[in-house]
Amino acid sequence: MLMRGGTSKGAYFLAEDLPADGGARDGLLLRVMGSPDPRQIDGLGGAHPLTSKVAVVSRSVSPDADVDYLFLQVGVDEAEVSDRQNCGNLLAGVGPFAVERGLVAPQGARTSVRIRMVNSGDLATATFPTPDGRVDLTGGTEISGVPGSAAAVVIEFPPGGGALLPTGRARDTVAGTDVTCVDNGMPTVLVAAGDLKVTGYEDPHELEGNSELLERVHEIRMRAGALMGLGDVSASTVPKVTLLAPPRDGGAVTTRTFIPVRCHTSIGVLGAASVAAGIRVDGGVGERIARPPAEGDRLRIEHPTGFTDIESSLGRTADGLPRALRTAVVRTARKIFDGTVFPRPPRTEPRPAPSTTGGQR
Ligand code: NQM
């Protein structure tokens with residue numbers, strides 16, 4: 001099934017319909033999406049990392065969840081399939097897909113599906129309309145970056161298990177630049193846009209064309225990734241780098257996010273969750289830039305095509321470190337197509353062979 005999930009688009013599969021062997025599965029997915037090819041002309045991919053995504057869904061092996069969701073980022077230009085990051089946008093389609101495929105029974109006018117995100121081991125609950133015992137994703141909810149409206153898919157994340165500040169500090173200096181390394185579901189490096197000689201309000205294309213900026217972002221990402229315990233991240237899609245600037249439209253902060261080479265046209269869900277938590281950390285780089293509301297958990301993150309509203313609350317660990325509590329967000333999703341995909345035959349497989357450990361741009 002091809003679905004839009006939030007501001008991304010991807011192919012959703014039942015795990016049982018894909019090869020059990022990871023290498024064979026990744027090779028098939030590259031051929032399904034039409035990679036590697038900058039236009040993905042011979043497959044389902046949309047020639048951008050945000051439209052070259054796959055969700056693999058199965059009944060959960062965990063008693064805490066109804067379904068397991070494995071996210072796979074399929075490279076556009078590279079023959080790479082990566083399971084090293086999660087995707088909160090595609091997550092919005094997982095519950096509806098699970099009901100459509102009969103993995104979960106509808107529960108009345110609205111159905112809640114408990115999802116285990118296999119990439120991180122974290123849990124999420126997605127709630128969406130199921131009137132008359134079937135999924136109906138039509139509705140009046142609008143989200144920035146998507147034309148028109150659809151039904152709200154409400155996603156709630158309980159506190160994650162990992163450290164909010166992976167370096168143990170609110171601020172680090174890497175490659176001569178102050179950063180805050182934060183992980184509230186997506187490992188992210190926060191940097192003041194002004195420290196990289198941009199305003200932070202530029203169009204993504206303009207930022208992608210700024211080679212000096214891209215070099216700085218790359219260097220910061222490499223060093224911060226190692227500090228965050230992620231090792232050599234040169235071939236990984238995480239951490240992301242988010243440039244921060246003061247809000248211009250009544251939000252808490254303006255963002256431009258590198259994922260990690262292309263600049264996001266909006267912001268990821270878990271990316272937004274990490275920014276929301278990171279700008280509230282005392283002593284972080286967001287302190288002199290962001291204006292989080294004094295009260296309440298709801299934050300508006302501004303991005304290139306509008307804003308993402310996110311509810312995010314912080315607490316403290318026993319040793320006084322900041323810790324993410326509940327996070328919630330409203331997304332929409334839509335079934336675009338359901339049917340049979342005809343992958344490019346294996347004999348035309350380009351070299352090099354696919355790798356599950358790598359990343360894409
Ligand atoms: O952060 C893009 C997206 C994402 C990830 C990326 C996402 C998230 O917008 O939860 O959804 O950061 O690579 O799809």
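Between domain 1 and domain 2, the count of salt bridges is 0. A salt bridge here is a side-chain nitrogen of Lys or Arg within 4 Å of a carboxyl oxygen of Asp or Glu. This is a predicted model: local features need pLDDT of at least 70, side-chain atom pairs count only at pLDDT 80 or more, and totals for chains, interfaces and linings use all residues. Residues are numbered from 1 along each chain as its sequence is written, and side-chain values use heavy atoms, with hydrogens and water left out.

Now look at the two domains themselves. Domain 1 covers 2-159 and domain 2 covers 172-320; such bounds come from an automatic or database domain assignment. Their C-alpha centres lie 24 Å apart. The contact (heavy atoms within 4.5 Å) takes 16 residues from domain 1 and 21 residues from domain 2. Together the domains bury about 1,400 Å², 56% of it on carbon and sulfur atoms. Buried area is the accessible area (1.4 Å probe) that two parts lose on being put together, summed over both. In domain 1, Arg84, Gln85 and Ser144 lose the most area to domain 2, together 36% of what that side buries.

What else joins the domains? Between them are 5 residue pairs in polar contact, both residues at pLDDT 80 or more. A polar contact is a pair of N or O atoms within 3.5 Å; within protein, one must be able to donate a hydrogen and the other to accept it, and residues adjacent in sequence count only if both atoms are side-chain atoms. The side of domain 1 that touches domain 2 has 5 nonpolar, 10 polar and 1 charged residues. In this count, Ala, Val, Leu, Ile, Met, Phe, Trp, Tyr, Cys and Pro are nonpolar, Asp, Glu, Lys and Arg are charged, and the others, Gly among them, are polar.

Next, find Thr167. Thr167 sits in the loop between β8 (152-157) and β9 (172-174). Helices (H or I, at least four residues) and strands (E, at least two) are DSSP runs, numbered from the N terminus. Is Thr167 buried or exposed? Thr167 is buried, with a relative accessible area of 12%. The cut-offs are under 20% for buried, over 50% for exposed, and partly exposed in between (1.4 Å probe, protein chains only). The Thr167 side chain makes a polar contact with the side chain of Asp172 (2.7 Å). Leaving aside neighbours within four places in sequence, Thr167 is in contact with Asp172, Cys181, Leu227 and Met228.

Finally, turn to charge. Side chains of opposite charge can pair when their charged atoms come close. The whole structure holds 16 salt bridges. One of them joins the side chains of Arg101 and Asp338 (2.8 Å, N to O). Arg101 lies in the loop between α2 (88-100) and β6 (110-117), and Asp338 in the segment after β16 (322-337), 237 residues apart. Arg101 is partly exposed at 30% relative accessible area, and Asp338 is partly exposed at 36%.

Asp195 forms a salt bridge with Arg288, with the closest N and O atoms 3.4 Å apart. Asp195 is partly exposed (32%), whereas Arg288 is exposed (55%). Glu212 and Lys197 also meet in a salt bridge (3.7 Å, N to O). Glu212 lies in helix α4 (residues 211-227) and Lys197 in the loop between β11 and α3, so the pair ties together parts 15 residues apart in sequence. Glu156, Arg298, Glu311 and Arg326 are linked in a network of salt bridges.
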